[in-house]
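Below are my notes on the helix packing and the voids of this model. Please read them alongside the sequence and the structure.

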Amino acid sequence: MTEFGYQLLATDKAARRGRFATAHGPIETPCFMPVGTAATVKAMTMDMVRSTGAQIVLGNTYHLMLRPGAERVGRLGGLHEFMRWPGPILTDSGGFQVMSLAERRKITERGVTFSSHIDGARHDLTPERSIEIQHLLDATITMQLDECLKLPAPRREMERAMELSLRWAARSKEAFTAREGYGLFGIVQGGIDPELRRRSAEGLQEIGFEGYAVGGLAVGEPQAEMFATLDATCPFLPGDRPRYLMGVGKPSDLVGAVLRGIDMFDCVMPTRSGRTGQAFTRRGTVNLRNARHADDPRPLDETSDCPAARDYSRAYLHHLVKSGEILASILLTWNNLWYYQQLMREMGVAIEEGRAEAFAAAFAEEQALGDI
Ligand SMILES: Nc1nc2cc3nc(NCCc4ccc(C(=O)O)cc4)[nH]c3cc2c(=O)[nH]1
């Protein structure tokens, strides 16, 4: 199986600073992947996404197979061409989105069948078809098809879904076309049960993948439960492959997960929140809908290099949000993505300098200050 040549550049206890090469460019870790579900990072041009320092973006098999269709994107040259993003793209495999978005869903050994949330049409998604779709999209990193359970769930359900996902992992690898600079990631399942998580991690390692995702989290469990599951999972993942925590999260989730050995993240939070008037800053989130900003001439963060954080007054941002102006979504999304990238850059430096825990403590203190 082709390797990405993951290099561990520095560690600080369980925290890792790494780098790996892909067919579409290098990825420095820890890293955050902006979510580009329907071949767009909502409210952003890809040049603006690049300006934040993002190296890799996420796309979704579920959305793109429904609209505009995987074969169509393939005929048009793949996702990089379609959305004009030359960098790496990771695509999720569809299972999670089927369970959270589609109707009339049915899971069998063979795969999942569901009705589109767009037009009700019936669709079939097997591990093999998901791999084929991601190949047509020309995904740099392909995800296996898996079953992600909503928590809480009975242990026997966690075990059944974990074992099914392991069988689907083997079928995904069988169907994947190995190419230099491309990779397939397995996804660890097992709910919050340490023994199931270990069995899943060891089972995936026996099959062998270019990277390993921790799935089944960020599904409503408290942060402490997510962290405890990471403590029970990461030690059983190979140290020389990237580790990706799916769907996570808010800034404090990222900091705590990096300390526990996670390298890659994706979450709709910075983009979704940007469209609802929320700004992420080093002093916590600022709700620009709040009338207290109406006369405030200060920018969100004059120390930031992000034009959205440095050049516009809170009064102006409040006005845009209250007026429902499109520019509100653009500027707040830009600020939020830039903040997430800045957090990853600063964590990487802290790990290189052996002060990751001190950074995490200072981060928590500054966030607790709240906005001035
Ligand atoms: N294949 C696969 N994909 C996943 C995607 C996920 N995404 C999440 N959580 C997203 C949580 C989430 C949802 C919405 C918002 C918001 O609106 O801000 C923020 C976070 N957990 C996830 C788990 C899996 C998984 O096991 N397997």
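**Pockets, cavities and helix contacts**

1. The lining of the second largest pocket is made up of six nonpolar, five polar and four charged residues. Here Ala, Val, Leu, Ile, Met, Phe, Trp, Tyr, Cys and Pro count as nonpolar, Asp, Glu, Lys and Arg as charged, and the others, Gly among them, as polar. This pocket has about 210 Å³ of space. Of its 15 lining residues, Glu28, Pro30, Gln55, Met344 and Arg345 are the closest to the centre. A pocket is an open set of points on a 1 Å grid over the protein atoms alone, with protein on both sides within 12 Å along at least five of seven lines, and lining residues have an atom within 4 Å of a point. Grid points are joined across faces, edges and corners, and a volume is the space filled by probe spheres set on the points.

2. The model is predicted: local features need pLDDT of at least 70 and side-chain atom pairs count only at pLDDT 80 or more, while totals for chains, interfaces and linings use all residues. Residues are numbered from 1 along each chain as its sequence is written, and side-chain values use heavy atoms, with hydrogens and water left out.

3. Which element gives the most to the lining of the second largest pocket? Helix 14 does, with six residues. Strand 3 (25-29), strand 4 (31-33) and helix 14 (326-352) each supply at least two lining residues. Helices (H or I, at least four residues) and strands (E, at least two) are DSSP runs, numbered from the N terminus.

4. Helix 14 also packs against helix 10 (residues 251-259), where the axes come within 11 Å and cross at roughly 25°. That makes helix 10 roughly parallel to helix 14; angles under 35 degrees count as roughly parallel, over 145 as roughly antiparallel, 65 to 115 as roughly perpendicular and the rest as oblique. Axes are lines fitted to C-alpha atoms, for helices over the stretch in contact, and angles run from 0 to 180 degrees between N-to-C directions.

5. Helix 13 (residues 314-322) packs on helix 14 at an angle of about 130°, the axes being 7 Å apart. That makes helix 13 oblique to helix 14. The crossing is left-handed. Tyr316, Leu317, Leu320 and Val321 in helix 13 meet Leu327, Ala328, Leu331 and Leu332 in helix 14. The contact has eight nonpolar residues, no polar and no charged.

6. Helix 6 (residues 127-136) and helix 7 (residues 155-175) have axes that come within 8 Å and cross at roughly 45°. That makes helix 6 oblique to helix 7, and their crossing is right-handed. Pro127, Glu128 and Ile131 of helix 6 make the contact with Trp168, Arg171, Ser172 and Ala175 of helix 7. By class, this contact has four nonpolar, one polar and two charged residues.

7. The largest pocket has a volume of about 860 Å³. It is lined by 39 residues, and Phe96, Gly247, Asp266, Cys267 and Val268 lie nearest its centre. Strand 5 (57-60), helix 5 (95-101), helix 9 (223-233) and helix 11 (269-274) give two or more residues to the lining. Helix 5 gives the largest share, four residues. The lining divides into 16 nonpolar, 14 polar and nine charged residues.

8. How many cavities of 30 Å³ or more are there? The count comes to two, a cavity being a set of points where a 1.4 Å probe fits but cannot get out. The largest cavity holds about 60 Å³ of space, and helix 7 provides the largest share of its lining, three residues. Among the lining residues are Glu147, Met158, Gln189 and Arg197.

Methods:
A crossing is left-handed if the near helix is turned anticlockwise from the far one by less than a right angle, and right-handed if clockwise. Contact means heavy atoms within 4.5 Å.
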